[in-house]
Amino acid sequence: MRVVVTGGAGFIGSHISGRLVRDGHEVVCLDNLITGRAENVAHLMGEQFQIVQYDITNFISVVGDVDAILHLASPASPIDYLRLPIQTLKVGALGTHKALGLARAKGAKFLLASTSEVYGDPLVHPQKEEYWGNVNPVGLRGVYDEAKRFAEAMTMAYRRIHGIDTRIARIFNTYGPRMRLDDGRVIPTFITSALRGEPLPIHGDGMQTRSFCYIDDMVEGIMRLLVSDYPEPVNLGNPEEYTILETAEKIKQLTGSKSEVEFRPLPSDDPARRRPDISTAREVLGWAPTVSLDEGLKATIEYIRKQI
């Protein structure tokens with residue numbers, strides 16, 4: 001296939017691009033490099049891969065045939081979308097519109113990388129795809145939550161009205177090599193602090209929970225969804241649930257760090273619990289994560305150790 005990956009130089013996007021190249025496909029990566037990094041994909045450069053620095057909120061034109069579009073472009077960590085709120089809203093709305101327009105023009109399959117944030121601070125646990133969520137549209141996190149909710153609605157509208165062959169992946173917390181050390185998400189923040197001997201910052205009492213999926217498992221899930229014929233949203237994530245305190249202690253153990261934890265105020269609208277129900281992914285895609293948290297953390301620690 002010839003595949004366009006928006007946000008293809010970002011954390012998940014670069015791993016998707018690498019998987020596509022390894023599978024023999026040709027990749028056109030579109031990324032404005034606001035949060036993505038060219039070094040994430042430098043090793044892929046060649047006949048099968050090209051990167052174009054471009055803002056996809058503008059009209060997208062790609063010369064030649066396109067078989068599939070994977071739309072991953074967006075700031076994805078709170079520190080980024082709180083710093084770039086308007087850009088986050090624009091890429092979710094205008095960027096999704098332009099990417100769907102390209103899919104329509106090329107007759108290409110379209111996959112939207114959505115997020116577990118569409119569930120907001122959920123009142124249902126674990127979260128199933130049928131749950132509509134509990135989102136504060138005017139809160140600080142609303143710029144990301146609502147951008148992705150709008151993107152899902154736009155994707156389904158293009159499917160119903162224009163017959164575009166679409167997929168929607170609701171991605172839960174994902175971690176692994178190529179995460180930025182300063183992106184603000186819990187695992188790179190904890191690992192970086194532990195390796196530097198600094199306090200591990202915990203917001204609130206640390207009893208809020210998250211479910212962490214290693215990047216290789218996430219890429220496999222996305223690829224299986226892409227080649228499936230399932231049009232409805234699919235949760236992709238690891239159903240194992242850990243408190244933030246448990247995560248901090250595990251990272252301290254694996255790094256051998258003597259760092260203490262440092263409690264800080266809880267940000268507004270921070271979800272109290274987050275765990276995916278992946279029944280649909282198991283049934284439709286035959287997919288479930290296989291990498292344990294310890295195994296994934298060890299690989300991530302080694303990456304961040306080299307970065308430091």
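His-162 is partly exposed, with a relative accessible area of 32%; buried means under 20%, exposed over 50%, and partly exposed in between, using a 1.4 Å probe and protein chains only. This is a predicted model, in which local features need pLDDT of at least 70 and side-chain atom pairs count only at pLDDT 80 or more, while totals for chains, interfaces and linings use all residues. Residues are numbered from 1 along each chain as its sequence is written, and side-chain values use heavy atoms, without hydrogens and water.

His-162 belongs to helix 4, where a helix is a DSSP run of H or I with at least four residues and a strand is a run of E with at least two, numbered from the N terminus. Between the C-alpha atoms of His-162 and Leu-123 there are 34 Å, and these residues are 39 places apart along the chain.

Next come the aromatic rings. The structure holds 4 aromatic pairs; rings of Phe, Tyr and Trp (its six-membered ring) pair if their centres lie within 6.5 Å, and planes under 30 degrees apart count as stacked, over 60 as edge-to-face and the rest as tilted. Tyr-119 and Tyr-131 are a stacked pair, 6.0 Å centre to centre with 20 degrees between the planes. Both residues of this pair, Tyr-119 and Tyr-131, are buried. Tyr-119 also pairs with Phe-172, and this pair is tilted, at 6.1 Å and 40 degrees. It joins the loop between strand 5 and helix 4 to the loop between strand 6 (166-171) and strand 7 (174-175).
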